[in-house]
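Welcome, and please get your viewer ready. We will go from one selection to the next, with a short note on what to look for at each stop.

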Amino acid sequence: MVARAPVVVLACGNPSRGDDALGPLLLERLHDWLLTTGLAGRHELIGDCQWQIEHALDLAGRELVLFIDAGAMTPAPFVFEPVQASSHVGPGSHALSPAALLSVLARISSDPPPAAFVLAVRGERFELGAAPCCRALAHAEAAFALLQNLCGAASAAHWQTLVQRHAPQSAGAAC
């Protein structure tokens, strides 16, 4: 059996829906950065349009999990916070939240869950066929600086200190 990377980053978003592309864009940039820094072997990157029940299997055997997504109601430029398993998983099998995926993992594995965090990046426009707007790209730029810090020193203790330092902020870039 091949050992799994200790850190998994799951980004979701639809590149055809404006700022919903922020998750996939950040994942692509992170991939390139991890390769240039020699850290790629410690991280597995997974992108999809939405988180589904099968993604719970991607969490098993990890030390750290980072979920990346764009959010219309997210304070600008981003929110970085820990996430715990929820006690409720809805009846559907598609479009699960990070908390629901952690709950599914708890049901299928006797191992302790990994430390999990969410990076939600403020999106402004989500229209079909639109490109990401400049304000959302500025939010993604701020989020990428955090991603470099997170992946450069990937430990639950370090990530927790960054949660405390990254209260919601505002960014003034205009579209």
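Start by selecting Phe117, which counts as buried because its relative accessibility is 2% (buried means under 20% relative accessible area, exposed over 50%, partly exposed in between, with a 1.4 Å probe and protein chains only). Before going further, note that this is a predicted model, in which local features need pLDDT of at least 70 and side-chain atom pairs count only at pLDDT 80 or more, while totals for chains, interfaces and linings use all residues. Residues are numbered from 1 along each chain as its sequence is written, and side-chain values use heavy atoms, with hydrogens and water left out.

**Stop 1: the aromatic rings**

A search of the whole structure turns up four aromatic pairs. Rings of Phe, Tyr and Trp (its six-membered ring) pair if their centres lie within 6.5 Å; planes under 30 degrees apart count as stacked, over 60 as edge-to-face and the rest as tilted. Helices (H or I, at least four residues) and strands (E, at least two) are DSSP runs, numbered from the N terminus. Phe80 is buried too, at 2% relative accessibility.

Now which ring sits edge-to-face with Phe117? Select Trp159: the ring centres are 5.4 Å apart and the planes are at 75°, so the pair is edge-to-face. This pair also links distant parts of the chain, joining β5 to helix α5 (residues 156–165) across 42 residues. Phe80, Phe117 and Trp159 form one aromatic cluster.

**Stop 2**

Show the contacts of Trp159 (heavy atoms within 4.5 Å). Leaving out residues up to four places away in sequence, Trp159 touches Val7, Leu64, Val65, Leu66, Phe80, Phe117, Leu150, Ala153 and Ala154.

Of its 31 residues, Leu66, Phe80, Leu119, Leu147 and Trp159 touch the most other members. Elements that each supply at least two residues include β1 (7–12), α1 (22–37) and β3 (64–71), and α4 gives the most, with eight.

**Stop 3: α4 against α5**

Select α4 (134–152) together with α5. How do their axes meet? They come within 9 Å and cross at roughly 155° (axes are lines fitted to C-alpha atoms, for helices over the stretch in contact, and angles run from 0 to 180 degrees between N-to-C directions). That makes α4 roughly antiparallel to α5 (angles under 35 degrees count as roughly parallel, over 145 as roughly antiparallel, 65 to 115 as roughly perpendicular and the rest as oblique). Leu146, Asn149 and Leu150 of α4 make the contact with His158, Trp159 and Leu162 of α5.

**Stop 4: Leu64**

Next, pick Leu64 in strand β3, which is buried with a relative accessible area of 2%. Its C-alpha atom is separated by 4.8 Å from that of Val7, 57 residues apart along the chain.

**Stop 5: helix α3**

Finish on helix α3 (residues 98–108), where eight of the eleven residues are buried, so the helix is largely enclosed by the rest of the structure. Its cover includes α2 (56–59), β3 and β5.

Key: A nonpolar core is a set of buried Ala, Val, Leu, Ile, Met, Phe, Trp, Tyr and Cys residues joined through side-chain atoms within 4.5 Å.
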